[in-house]
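User: I would like to learn how to read a structure of this kind feature by feature. Please take me through one.

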Amino acid sequence: MEKYTFSPDNSDSDTNDSEDSLEDPVCNPNRPVKVTFEEITSAAYRIRTGIVNTPCIRSHLSSLTGMDIYLKKDFLQHTGSFKERGARYAMLMLSQEQRQRGVVAASLGNHAQAVCYHGYLLGIPVTVVMPIIAPIMKIQKCREYNANVIMEGKNMDEAKRIAVALSKEKRLTYINGYDNPQIIAGQGTIGLEILEQVEDIDAVVVPTGGGGLLAGIAVAIKTLNPNIKIIGVESERCASYAKAMENEKPVLTAIEGTLADGLAVPMIGYNAWETSKNLIDKMVTVREEWIAVAILRFIENEKCVVEGAGACGLAAILAGQLDEFKGKRVVLILSGGNIDTTILGRCLERGLAADGRLVKCKVTVSDRPGGISELCKLIGSIGVSIKDVIHERAWVASDVFSVEVKVVCETRDYLHSIELRDLLFSRYKKVKFDNFPLKSGVSSSTD
Ligand SMILES: Cc1ncc(COP(=O)(O)O)c(C=O)c1O
């Protein structure tokens, strides 16, 4: 692994000329490119032998959500995300000389993996710059494809500047993961496939980071059927497309850590914006807890491991933000499945908590023999299982014959948690629930 020294402070104090030289030549704010339907069909033809035409099938989540849901399972691509489409197309379009010199990309992971894998297949040398916050699993995978992996930059913006600087210095072709017009065209091939796979679609819901996936799919679908609604979804913690809509142009947006790490892009692309701005019917920003619940639902009901970014569409539905499509046919893009096992574990716990199936409470009970066991028996009497118990004597403010017991309980569902809460309140004077879910998600039954 190579280390590249880059100082954002130095670059900021540079002249305008050197600032400009850190821009990607194919993503120019003054000359944005609108990607065409023809380019998407050309991409579809060229990549057809190197990309999986992934299934788009009716989901078990249909009866649960009251919508006729279809899932486009693009996490089944070899590297676990749709990013291979654009990456392969962009690399196939390189001249012989560019292929020999190699390419460079900046990415939080999925684009990097896609470029590394297809570079490996096509015999093109690849350098990727990954910000230090990139998920470990994604970093590891890039190394497996013999790429030169550089871990530098606090965020995508810094990683991108490093990659562009490297492209100038080493004469490598820089491939932007969401705004290069060929990348947008490649991602748009998902739209063509969906229209061949599913009839009478009312809406397609697309996770949105830098906007390339959304733009490509919107062009493909709206060209062939303008009645289909195109809905973008992003996490509330990185709502850069919503911000662009407010400002009517891409603007730098503050981003925070999110379960949808693939969407954490501080500013959407100029070409992506130009291509998609008149084609999007709605942009939804979802809360993190709904993303966690959506990941959980995909595992429990659909047997699919989907990363946070890929679960955003379902998150928006579960949160009730797309209720206008009840009874309609909706396609969700499951764009990626690359999630660190440790993060997955945390997501599932958060999902269970947000769902009201993992609850935490403090109950003050008698410290006389049998006091704690009585509480445990009571909890067990309604079929709730105890995951964790801690008891506390020293800091209990009331009488010395009391003990505070903290309990983490697993329940069947939200209603079971309410039953537990009511039971404890009816038997004990001091009961306190931490973050009791305010509203039921959707029940976890399947059809
Ligand atoms: C899994 C996943 N879904 C969706 C997106 C969003 O794509 P785009 O940046 O083109 O909007 C990304 C971007 O990296 C991603 O990794």
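User: How many residues surround the ligand, and which are the closest?

Analyst: The ligand is surrounded by 20 residues, and the closest are Gly209, Gly212, Gly262, Ser335 and Gly336. Two elements give two or more residues to this shell, α7 (110-122) and α11 (212-224). The largest share, three residues, comes from α11.

User: What is the mean pLDDT of the chain?

Analyst: In general, where pLDDT is low, the predicted coordinates should not be read in detail. Here the mean pLDDT of the chain is 90, and 91% of its residues reach 70 or more. Over residues 1-20 the pLDDT is below 50, and this stretch has 19 contacts in the model beyond near neighbours in sequence. Over residues 440-447 pLDDT also stays under 50, and the model has 21 contacts for them beyond four places in sequence.

User: Now helices. Which residues of α18 are buried?

Analyst: A residue counts as buried if 20 or more other C-beta atoms lie within 10 Å of its own, and as exposed if 12 or fewer do. In α18, the buried residues are Tyr414, Ser417, Leu420 and Leu424. They lie on the same side of α18 because they cover an arc of only 115° around the axis. Leu415, Asp422 and Ser426 are exposed on the other side of α18.

User: What covers the buried residues of α18?

Analyst: The cover includes β11 (358-366), α17 (371-381), β13 (402-410) and β14 (431-434). As for its length, α18 runs over residues 414-427, 14 residues in total, and reaches 20 Å from its first C-alpha to its last, close to the 20 Å expected at 1.5 Å a residue.

User: What distance should the 17 residues of α10 span, and how many of them are buried?

Analyst: At 1.5 Å a residue, α10 should span 24 Å; its end C-alpha atoms are 25 Å apart, which agrees. Helix α10 is mostly covered, with 14 of its 17 residues buried.

User: Which residues are buried in α12?

Analyst: In α12 (residues 240-247), Ser240, Tyr241, Lys243 and Ala244 are buried. Their arc around the axis is only 155°, so they are on the same side of α12. Among the elements that cover the buried residues of α12 are β8, α13 (270-276) and β9 (282-286).

User: Where is valine 233 found, and is it buried or exposed?

Analyst: Valine 233 is found in strand β8 (residues 229-235). It counts as buried because 31 other C-beta atoms lie within 10 Å. Leaving aside neighbours within four places in sequence, valine 233 is in contact with residues including Val205, Val206, Pro207, Val284, Val286 and Ala316.

User: How should I read a positive phi?

Analyst: Most residues other than glycine have a negative phi. Asparagine 146 has a positive phi, near 60°. This residue is found in the loop between α8 (136-144) and β5 (148-151). Asparagine 146 is exposed, as 12 other C-beta atoms lie within 10 Å. Aspartate 200 has a positive phi of about 50° although it is not a glycine. Its place is the loop between α10 (181-197) and β7 (203-207), and aspartate 200 is exposed, with 9 other C-beta atoms within 10 Å. Just after α12, glutamate 248 takes a positive phi of about 60°.

User: Where is proline 266 found, and what does it touch?

Analyst: Proline 266 is found in the loop between α12 and α13. With 18 C-beta neighbours inside 10 Å, proline 266 counts as partly exposed. Not counting residues up to four places away in sequence, proline 266 touches Asn155, Met156, Asp157, Ser240, Leu252, Thr253 and Ile255. One of these, Ser240, is among the buried residues of α12.

User: Is aspartate 323 buried or exposed?

Analyst: Aspartate 323 is exposed because 11 other C-beta atoms lie within 10 Å. This residue lies in the loop between α15 (312-318) and β10 (329-334).

Technical notes: Residues numbered from 1 in each chain as written. Predicted model: local features only at pLDDT ≥ 70, side-chain atom pairs only at ≥ 80, totals over all residues. Near = placed C-beta within 6 Å. Helix = DSSP H or I, 4+ residues; strand = E, 2+ residues; numbered from the N terminus. Expected span 1.5 Å × (residues − 1). Arc of directions from axis to C-beta. Contact = placed C-beta atoms within 7 Å. pLDDT = per-residue confidence, 0-100.
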